[in-house]
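Colleague: Could you walk me through how to read a model like this one?
Modeller: Gladly; let us look at it together.

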Amino acid sequence: RTDQTSARSATSQRDETSILNIVAVQNAVELIIRASKPPVKHEYMGKCKAVILENFETISRTNAIFELPEKLLEDIVSDDRLRAREQVVYEAVLAWAQNQNGGPSGDAGNGTFDGHEGLLACVRFPMIPSEILVLRVLNGREASSCECLRNMATEAVTWQAVPVHLRDRVKLRYLTRDQCTKRKDVAIDAKTVDSAKNGIPSGFGSERSATTRGWSSYRSSATEITTTDQSPATTRSKQADPIAVKDGSTARNLEI
């Protein structure tokens, strides 16, 4: 009987190892949650995290993001190697917090980040383009009801207004220096996992609507804006409407 139990245990471990070795965009969230449970499987967690860091913009647009425990989400969005625009990071954190409070409603801004202020400290607000920072973040209902968010976003606007060569003199009260530092644009080492495909992979959760992500208040506050890329000498002008229809479904276009 002992031999049979040991054999079943060994088989179970082999099956789990086989599953965890097949990490892709479609299952990275599910597998990192599984790998994080005792006994923690650090090697597999590293593989899953690499996929999530590399493909965060894709994953953050699906309901899979809601499955992440808060500590795991903090670990991901605070990582210096996260490859995502900072406004996407903010919207992902906002959507996650709203989901914890039962989803967005007419009073979606009230208490959204109560008890989740640690997530806000992972968002690098000064890296968000100024027009989005003002029109979307500060003008949003969430900032009117969350002092922590309002203080961070306001200080980020101040930081952006200071010439680059003088920013080290800015005395920060609400932001950290890490929040004022651009993430590293480095390739994530994930050689053992499948590379991500463009867009949402088939069968991978469901894409959330723009109203769930809180973009409606931004849409009503601007009709057309011009933004400048982080890279020099590249300027683009686009409609501020963040909604894009793709393959017959409603999708959010973050390329503002």
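Predicted model: local features only at pLDDT ≥ 70, side-chain atom pairs only at ≥ 80, totals over all residues.

Modeller: Residues are numbered from 1 along each chain as its sequence is written, and side-chain values use heavy atoms, with hydrogens and water left out.

Colleague: How many helices and strands are there in the protein?
Modeller: Helices (H or I, at least four residues) and strands (E, at least two) are DSSP runs, numbered from the N terminus. Here the protein has 11 helices and four strands.

Colleague: What share of the residues is buried?
Modeller: Buried means under 20% relative accessible area, exposed means over 50%, and partly exposed is in between (1.4 Å probe, protein chains only). Of the 256 residues in the protein, 44% are buried.

Colleague: What span should helix α10 have?
Modeller: The expected span of a helix is 1.5 Å times one less than its number of residues. Helix α10 (residues 147-161) has 15 residues and so should span 21 Å; its end C-alpha atoms are 21 Å apart, in agreement.

Colleague: Which residues in α10 are buried, and what do they pack against?
Modeller: The buried ones are Leu149, Asn151, Met152, Ala153, Glu155, Ala156, Trp159 and Gln160. Contact means heavy atoms within 4.5 Å, and the buried residues of α10 pack against α6 (86-100), α7 (117-120), α8 (130-138) and α9 (141-145). Threonine 158 is also found in α10, but counts as partly exposed because its relative accessible area is 43%.

Colleague: What lies over the face of tryptophan 159?
Modeller: A charge sits over a ring if NZ of Lys or CZ of Arg is within 6 Å of the ring centre and within 35 degrees of the ring normal. Arginine 167 lies over the face of tryptophan 159, at 4.0 Å from the ring centre.

Colleague: How many disulfides does a search of the whole structure find?
Modeller: A disulfide is a pair of cysteine sulfur atoms within 2.5 Å; the search finds zero. For cysteine 148, the nearest cysteine sulfur belongs to cysteine 146, 5.3 Å away. Cysteine 148 counts as partly exposed because its relative accessibility is 25%, whereas cysteine 180, at 9%, counts as buried.

Colleague: Where is the cis peptide bond?
Modeller: The cis bond joins proline 38 and proline 39, with omega about -10°. Proline 39 is in the loop between α2 (28-36) and α3 (42-54).
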